[in-house]
Amino acid sequence: MDDLSLPELPGNIPNLSVEQLRLQGTLGTRLPSMPGLSVEKYFMGSRQEETTAQMAAMGLAYEEDRQRAIIMRAKARAEERRAQRDAEY
């Protein structure tokens, strides 16, 4: 049974997938940063700040949706009254 075992494969087998071959030589290069600009202002300092900002945005979106729903219900009621008035006369 020992004669059927496979020999050990070499340790470093390169990934030769099409995606890796296409990206070869582009992953290591990085664009230089622009002088005077920083991307740090686009990221939150802590997870709690990020969560707080996201919850505030969700609250605003919910309130806007609620106001829109109120307006649309009022418009639908007005349309129903107008249709009822036209049907009676």
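Author: Start with a cut-off: a residue is exposed when its relative accessible area is over 50%, and buried when that area is under 20%. Keep in mind that this is a predicted model.

Reader: Is arginine 81 buried or exposed?

Author: Arginine 81 has a relative accessible area of 53%, so it counts as exposed. It is found in helix H2, residues 47–88.

Reader: Which residues form the positive surface patch?

Author: Arg73, Arg77, Arg81 and Arg85 form it.

Reader: How many helices and strands does the protein chain have?

Author: It has 2 helices and 0 strands. Of its 89 residues, 0% count as buried. Its accessible surface comes to about 9300 Å², with 59% belonging to carbon and sulfur atoms.

Reader: Now salt bridges. What is the general idea?

Author: Side chains of opposite charge can pair when their charged atoms come close. This structure holds 4 salt bridges. One of them joins aspartate 65 and arginine 68, at 2.7 Å from N to O.

Reader: Why can aspartate 65 and arginine 68 be about one helical turn apart?

Author: Because they are 3 residues apart in helix H2. Aspartate 65 is partly exposed at 40%, and arginine 68 is partly exposed at 46%.

Conventions:
Residues numbered from 1 in each chain as written. Predicted model: local features only at pLDDT ≥ 70, side-chain atom pairs only at ≥ 80, totals over all residues. Heavy atoms only, no water. Helix = DSSP H or I, 4+ residues; strand = E, 2+ residues; numbered from the N terminus. Buried < 20%, exposed > 50% of the residue type's maximum accessible area, 1.4 Å probe, protein only. Areas by Shrake-Rupley, 256 points an atom, 1.4 Å probe, with all protein chains shown as cover. Patch = residues over 30% accessible without salt bridge, like charges linked within 9 Å, V, L, I, M, F, W, Y side chains within 5 Å. Salt bridge = Lys/Arg side-chain N within 4 Å of Asp/Glu carboxyl O. Lys, Arg positive; Asp, Glu negative; His and termini not counted. Charge placed at Lys NZ, Arg CZ, Asp CG, Glu CD.
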